[in-house]
Amino acid sequence: MSDDATQHVPDALSGVWHALKNKGYAVTSDQSIGLPDKSRPNFRGAYFNDWTLRHDAGDLPVDRLRARDVIRYQWNDERLSLRRHDAITITDRAGIAGRREHARVELLDDPQARDLIGALLRLVPPARRKPEGTFGVNLFRTFTNVVTKPNHDNEQFIIIYVLDRIGEGAETYLYAPAYVTDSGEIKGQPVLRQQLNPGDIIIFEDALFKHGATPLINPDGGPTKRDALICTVDYRSTYLETASCFGAD
């Protein structure tokens with residue numbers, strides 16, 4: 001199934017592409033890249049709920065709820081085609097060894113979710129886009145720790161889109177890999193440390209940084225919560241090394 005991706009490219013995208021080329025990361029927002037005001041509350045209401053998200057044994061942090069989808073995409077100039085990928089398995093990611101299966105959410109059944117996926121994929125500069133590939137979409141609800149330690153996801157680009165937050169903390173950080181040991185000990189200053197508010201989006205080149213976020217806190221002792229999409233523009237080796245991207249499932 002295809003998306004008609006012949007859409008106006010918001011002027012803000014040129015700034016994102018320029019920042020990625022020069023710094024390796026860019027911070028923007030859903031409104032800046034042309035998403036409608038209703039997109040974020042509608043997406044959160046549809047998918048960040050008790051019947052979509054779950055906690056899986058062995059997943060870290062221990063109180064994180066999640067769901068996942070994997071989208072196959074193909075670029076033809078500015079036209080973008082999207083379809084469901086058959087597998088969503090995660091292997092050896094974020095410091096957790098082995099193969100993992102998480103709850104699947106079928107995002108392409110939802111026209112608004114399709115539009116959101118297309119907008120996020122367009123954050124990748126045209127010169128860096130693969131003709132075809134996969135896009136991992138992870139829905140994360142966290143309550144205390146956002147991550148366990150700085151990590152690579154070992155993909156081409158990472159996109160973080162914050163949908164909602166209760167409490168403070170949850171400051172996204174990027175470190176040069178040389179400044180973080182294998183055990184997660186930090187030896188230098190961050191390239192970026194910034195709290196992302198609801199509506200904020202960051203994209204960065206995964207190989208250039210180890211990334212993560214500080215714990216959620218509430219100075220008044222009340223509850224905390226953060227809903228976010230963590231998306232990966234995957235290398236071909238992640239899912240498609242031995243198969244044609246748009247071949248049979």
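Guide: In this predicted model, helix α3, spanning residues 111–121, has eight of its eleven residues buried, so the rest of the structure largely encloses it.

Visitor: Which residues of α3 are buried, then?

Guide: The buried ones in α3 are A113, R114, L116, I117, G118, A119, L120 and L121.

Visitor: And what caps the N-terminal end of α3?

Guide: That is D110, which places a side-chain oxygen 3.0 Å from the backbone nitrogen of Q112.

Visitor: Let's go to the nonpolar core. Which residues touch the most other members of the largest one?

Guide: The largest nonpolar core has 42 residues, and those touching the most other members are F43, L123, F135, L139, I159, I203 and L229. The largest share of this core, six residues, is contributed by α3. A separate core of 13 residues lies apart from it, with V162, L174, I202 and F204 among its members.

Visitor: What is L229 in contact with?

Guide: Setting aside neighbours within four places in sequence, L229 is in contact with F43, F48, L116, V137, N138, L139, I159, I160, Y161 and L163.

Visitor: F43 keeps coming up. Where does it lie, and what about Y47?

Guide: F43 and Y47 both lie in helix α2, residues 39–47, and they are four residues apart, about one turn of the helix. Both of these residues are buried. Their ring centres are 4.8 Å apart with the planes at 50°, so the pair counts as tilted.

Visitor: How many aromatic pairs does the structure hold?

Guide: There are five aromatic pairs in the structure.

Visitor: Switching topic: R129 is in the loop between α3 and β6. Buried or exposed?

Guide: R129 is buried, since its relative accessible area is 13% and the cut-off for buried is under 20%. The side chain of R129 reaches the backbone oxygen of V124 at 2.8 Å. Not counting residues up to four places away in sequence, R129 touches W17, W75, E78, L121, R122 and V124.

Visitor: And A127, buried or exposed?

Guide: A127 lies in the loop between α3 and β6, but A127 counts as exposed, with 77% relative accessibility. The C-alpha atoms of A127 and W17 are separated by 9.5 Å, although these residues are 110 residues apart along the chain.

Visitor: Now the strands. In which sense do β9 and β12 pair?

Guide: Strand β9, residues 171–175, pairs with β12 in the antiparallel sense over four bridges, and T172 stands opposite A213 of β12. Within β12, residues 210–213, K210 and G212 point one way while H211 and A213 point the other way, and all are buried.

Visitor: Zooming out, how many helices and strands are there in the protein chain?

Guide: The secondary structure of the protein chain comes to four helices and 14 strands, and 53% of its 249 residues count as buried. Among contacts between residues at least 6 apart in sequence, 79% join residues at least 24 apart. The protein chain exposes about 11,500 Å², of which carbon and sulfur atoms supply 49%.

Methods. Residues are numbered from 1 along each chain as its sequence is written. This is a predicted model: local features need pLDDT of at least 70, side-chain atom pairs count only at pLDDT 80 or more; totals for chains, interfaces and linings use all residues. Side-chain values use heavy atoms; hydrogens and water are left out. Helices (H or I, at least four residues) and strands (E, at least two) are DSSP runs, numbered from the N terminus. Buried means under 20% relative accessible area, exposed over 50%, partly exposed in between (1.4 Å probe, protein chains only). Contact means heavy atoms within 4.5 Å. Accessible areas come from the Shrake-Rupley method with a 1.4 Å probe; for residues, only the protein chains shown count as cover. A polar contact is a pair of N or O atoms within 3.5 Å; within protein, one must be able to donate a hydrogen and the other to accept it, and residues adjacent in sequence count only if both atoms are side-chain atoms. A nonpolar core is a set of buried Ala, Val, Leu, Ile, Met, Phe, Trp, Tyr and Cys residues joined through side-chain atoms within 4.5 Å. Two strands pair if DSSP finds at least two bridges between them. Rings of Phe, Tyr and Trp (its six-membered ring) pair if their centres lie within 6.5 Å; planes under 30 degrees apart count as stacked, over 60 as edge-to-face and the rest as tilted.
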